[in-house]
Amino acid sequence: SAINGAAICRGSSWLLDSLEKKVLAEDLTLSEDPTRPKIAGSRPFDGEGLPTTKKNFIEKGFLKQYILDLRSSRKLKLNPSGNAYRSLSSSPTPGIGNLELSPGKYSAHEMIGSIKQGLLVTSLIGSTINNNTGDYSRGANGFWIENGEVVFPVNECTIAGNLKQMLSTLVASNDGKKHLSKVIPSLLVQNMTVAGK
């Protein structure tokens, strides 16, 4: 949502004025491929009739383009990206279909084994994100890790931090599920505040 053209036009994004700047770890690429066969998010045209193509929104950590429809592209004086979505009762808005984050070298199991002390998050509760600064705080459930081993379940703790800092140090595993529209592997966040009893 931080690179959605509508948010950029409103000035309500913590990635405002970030084109060609580093926003992810340098080995990560975030792409969309609407041409994948037999996938729910595939389509030859967007909601405004523009042809869809495979594109990298973020390439090797650097933000290359925003998610744009015709309206947001005109306001920002950029080329549209073919990402307009519409419903029966609304005008077109920028959106995404088949999204993929490039995989890393290690499995999720190997990444857990490398953690001296940390939290394996399995679900999130609620959402408190400051769209302008990237500060966030969310409830979470999961398992506590000590010396590379899962030791006990954790219920209703709070995780907090800043998305700019978090995303710049992400480490991706290689367990993304290719049959899904969103191919996002397990991710290792290297620094995060965890609070709870």
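Which strand gives the largest share of the lining of the largest pocket?

## The largest pocket

In this predicted model, strand S7 provides the largest share of the lining of the largest pocket, with nine residues. The space in this pocket is about 1700 Å³. Its lining is made up of 50 residues, and those closest to the pocket centre are Met166, Leu167, Leu170, Leu187 and Val189.

Several elements supply at least two lining residues each, including helix H3 (108-113), strand S7 (117-129), strand S8 (135-146) and strand S12 (187-188). By class, 37 residues of the lining are nonpolar, 11 are polar and two are charged.

Nonpolar side chains tend to be buried together in soluble globular proteins. Here, the largest nonpolar core contains 24 residues, and Ile3, Leu24, Leu28 and Ile58 have the most contacts inside it. At least two residues of this core come from each of strand S2 (55-59), strand S6 (99-101) and helix H4 (163-168). Helix H4 gives the most, namely three residues.

Another core, of six residues, lies apart from the largest one; Ala140, Trp144, Cys157 and Ile159 are among its members.

Leaving aside residues up to four places away in sequence, Ile3 touches Ile8, Leu15, Phe57, Leu63, Gln65, Tyr66 and Ile67.

## The cysteines

The structure contains zero disulfides. Cysteine 157 has a relative accessibility of 5%, and it therefore counts as buried. Cysteine 9, in contrast, is partly exposed, because its relative accessible area is 30%.

Notes
Residues numbered from 1 in each chain as written. Predicted model: local features only at pLDDT ≥ 70, side-chain atom pairs only at ≥ 80, totals over all residues. Heavy atoms only, no water. Disulfide = S-S within 2.5 Å. Buried < 20%, exposed > 50% of the residue type's maximum accessible area, 1.4 Å probe, protein only. Core = buried A, V, L, I, M, F, W, Y, C linked by side-chain atoms within 4.5 Å. Helix = DSSP H or I, 4+ residues; strand = E, 2+ residues; numbered from the N terminus. Contact = heavy atoms within 4.5 Å. 1 Å grid on protein atoms, 1.4 Å probe; cavity = no way out; pocket = protein on both sides within 12 Å on 5 of 7 lines; lining within 4 Å. Points joined across faces, edges and corners; volume = space filled by probe spheres on them. Nonpolar A, V, L, I, M, F, W, Y, C, P; charged D, E, K, R; others polar.
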